[in-house]
Amino acid sequence: SETPVIGVTLDNRYSGPGAKIEDVTAGGPSDGQLRSGDIITSVDGQEVNDATEVIIAIRTKAPGDPITLGLENGGEVTVTLGVSPDQ
């Protein structure tokens, strides 16, 4: 099976509410939509408290599915999930 991804690295050291984006993969599903430093606060309308909850929410989907990410600044971004490059 293929692992769905949004094409970011999350900062596991971040201790605030939500999940902080450390890096966005060039050419990945979120390139041009998310930036380093953005804080993801929800996935498909469900609040997330940390990076683990974001990963779990993404893995309930399949590559090619759209996913809506709520951001700390009040914005929303819809990303089409990609496939992990490790596969």
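K61 is partly exposed, with a relative accessible area of 30%, where partly exposed covers the range between buried (under 20% relative accessible area) and exposed (over 50%), for a 1.4 Å probe and protein chains only. The model is predicted, so local features need pLDDT of at least 70 and side-chain atom pairs count only at pLDDT 80 or more, while totals for chains, interfaces and linings use all residues. Residues are numbered from 1 along each chain as its sequence is written, and side-chain values use heavy atoms, leaving out hydrogens and water.

K61 forms a salt bridge with D44, the closest N and O atoms being 3.0 Å apart; the term requires a side-chain nitrogen of Lys or Arg within 4 Å of a carboxyl oxygen of Asp or Glu. This pair links distant parts of the chain, K61 lying in the loop between α1 and β6 and D44 in the loop between β4 and β5 (46–47), 17 residues apart. D44 is likewise partly exposed, at 33%. A salt bridge also joins R35 to D38 (3.6 Å, N to O), and here R35 is exposed at 57%, whereas D38 is buried at 9%.

Helix α1 spans residues 51–59, and its buried residues are A51, V54 and I58. Seen down the axis of α1, these buried residues fall within an arc of 60°, so they line one face of the helix; the arc is taken from the directions from the helix axis to the C-beta atoms. On the other side of α1, I56 and R59 are exposed. Helices (H or I, at least four residues) and strands (E, at least two) are DSSP runs, numbered from the N terminus.
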